[in-house]
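My notes follow in the order I looked things up.

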Amino acid sequence: MPNTYQVISSVTVGSGGAANIEFTSIPQTYTDLVLKISGRFTVDSASAFLRYNGTTTNGSSRWIEGSGSSASSSTDGSNQYGPVHGIVNSTKTASTFGNAEIYIPNYTSSNNKSSSSDGVTENNGTSTTMALGANLWSNTAAITSIQIVPAAGGNFVQYSTAVLYGIKNS
Amino acid sequence: MTATAIEVNCATGEVTERSLTAAEIAEREAMAAEYAAQKAQEDAAKAAAQAAKESANAKLAALGLTAEEIAALTK
């Protein structure tokens with residue numbers, strides 16, 4: 001891993017679970033951000049929304065998804081950015097967590113903010129879900145905070161983790 | 001269980017947990033209801049598609065196609 005790839009902050013959810021996780025006061029000294037999530041939800045949904053700077057408007061998303069036996073694509077109409085797929089839902093193999101990563105380039109620029117996301121889940125060795133998404137936040141403000149919110153209103157379970165990395169281009 | 005939010009201050013490294021506000025709780029409930037409605041719609045669409053597929057396969061079989069021939073047509 002290049003030495004320009006640095007951990008900004010990380011968190012592990014405690015025994016009470018968490019309705020959302022938010023990184024605030026994100027330093028404006030990097031070129032790109034990477035958010036990695038290892039998570040499991042208490043509800044039957046593998047999706048989460050990302051909210052930048054505490055807002056819930058001007059977002060759009062398109063993603064493709066494959067299960068190993070079928071494939072689909074969809075557009076998110078929630079007007080929030082994400083969604084992030086690949087966080088294990090409550091119906092999957094007990095005590096397993098899904099992996100998701102969101103890459104946010106040029107988060108301090110005065111252009112609209114695009115991002116890509118990918119995620120995978122597993123279910124008892126019999127099925128899996130893999131998703132790849134393209135997301136856009138049509139807002140020119142620099143990103144100073146990121147909130148991760150379960151899309152179906154559940155909680156992150158204990159031991160879910162989120163790590164925010166900063167990447168410099170030099 | 002009281003729902004809590006976790007905030008990580010990247011400038012200080014401080015991690016704080018707080019209870020959700022009434023507005024946040026209401027939003028969570030609305031999101032859950034919306035998701036349930038959306039999932040029910042998706043499940044119904046999947047069930048309808050599966051039923052249509054099975055019906056089509058049965059009609060093809062009635063025309064005399066073998067299972068291998070039907071698979072060749074539908075894959």
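These entries go through the ground rules, each chain, and then the contact.

**Ground rules**

I am working with a predicted model, where local features need pLDDT of at least 70, side-chain atom pairs count only at pLDDT 80 or more, and totals for chains, interfaces and linings use all residues. Residues are numbered from 1 along each chain as its sequence is written, while chains are lettered from A and ligands numbered from 1 in the order in which they are written.

**Chain A, overall**

I looked up the secondary structure and got zero helices and 12 strands for chain A. Helices (H or I, at least four residues) and strands (E, at least two) are DSSP runs here, numbered from the N terminus.

I checked the radius of gyration, taken over C-alpha atoms, with the globule rule being 2.2 Å times the number of residues to the power 0.38. Chain A has 15 Å, which agrees with the value near 15 Å for a compact globule of 170 residues. Its C-alpha atoms fill a box of roughly 45 × 35 × 30 Å along the principal axes.

Next came burial: a residue is buried if 20 or more other C-beta atoms lie within 10 Å of its own, exposed if 12 or fewer, and partly exposed in between, with C-beta atoms placed from the backbone. By that count, 44% of the 170 residues in chain A are buried.

For contacts, two residues qualify if their C-beta atoms, placed from the backbone, lie within 7 Å. Of the chain A contacts with a separation of 6 or more, 77% are between residues 24 or more positions apart.

**The sheet in chain A**

I traced an open sheet of eight strands in chain A, in the order 1-12-3-8-9-10-5-6, with antiparallel pairing. Two strands pair if DSSP finds at least two bridges between them. Strand 1 (5–12) and strand 6 (71–76) of chain A are the edge strands, each pairing on one side only. Neighbouring strands of this sheet are turned by 15° against each other on average, direction ignored. The axes behind that angle are lines fitted to C-alpha atoms, for helices over the stretch in contact, and angles run from 0 to 180 degrees between N-to-C directions.

**The core**

Which residues have the most contacts inside the largest nonpolar core? They are A:Val84, A:Ile87, A:Ile146 and A:Ile148, in a core of 42 residues. A nonpolar core is a set of buried Ala, Val, Leu, Ile, Met, Phe, Trp, Tyr and Cys residues joined through C-beta atoms within 7 Å. Strand 4 (residues 47–52) of chain A gives the largest share of this core, four residues. Leaving out residues up to four places away in sequence, A:Val84 touches residues including A:Ile37, A:Leu50, A:Ile102 and A:Ile148.

**A loop residue**

I picked A:Thr144, which sits in the loop between strand 10 (127–137) and strand 11 of chain A. A:Thr144 counts as partly exposed because it has 17 C-beta neighbours inside 10 Å. Apart from neighbours within four places in sequence, A:Thr144 is in contact with A:Ser25, A:Ile26 and A:Asn53.

**Chain B**

Chain B has two helices and two strands, running β-β-α-α from the N terminus on. A compact globule of 75 residues would have a radius of gyration near 11 Å, but chain B has 25 Å. The box filled by its C-alpha atoms is roughly 70 × 25 × 20 Å along the principal axes. I found 7% of the 75 residues in chain B buried.

**Where the chains meet**

The contact takes 18 residues from chain B and 22 residues from chain A. On the chain B side, strand 1 (4–9) and helix 1 (22–62) are the elements that give two or more residues. Strand 1 of chain B makes the largest share of that side, six residues.

Strand 1 of chain B pairs with strand 2 (residues 20–24) of chain A in the parallel sense, over five bridges. Along this pairing, A:Glu22 has B:Glu7 as its bridge partner, and A:Phe23 stands opposite B:Val8.

Strand 2 of chain A also runs antiparallel to strand 11 (residues 146–150) of chain A, joined by three bridges. There A:Ile21 is the bridge partner of A:Ile148. Four of the five residues of strand 2 of chain A are buried, so this strand is largely enclosed by the rest of the structure.
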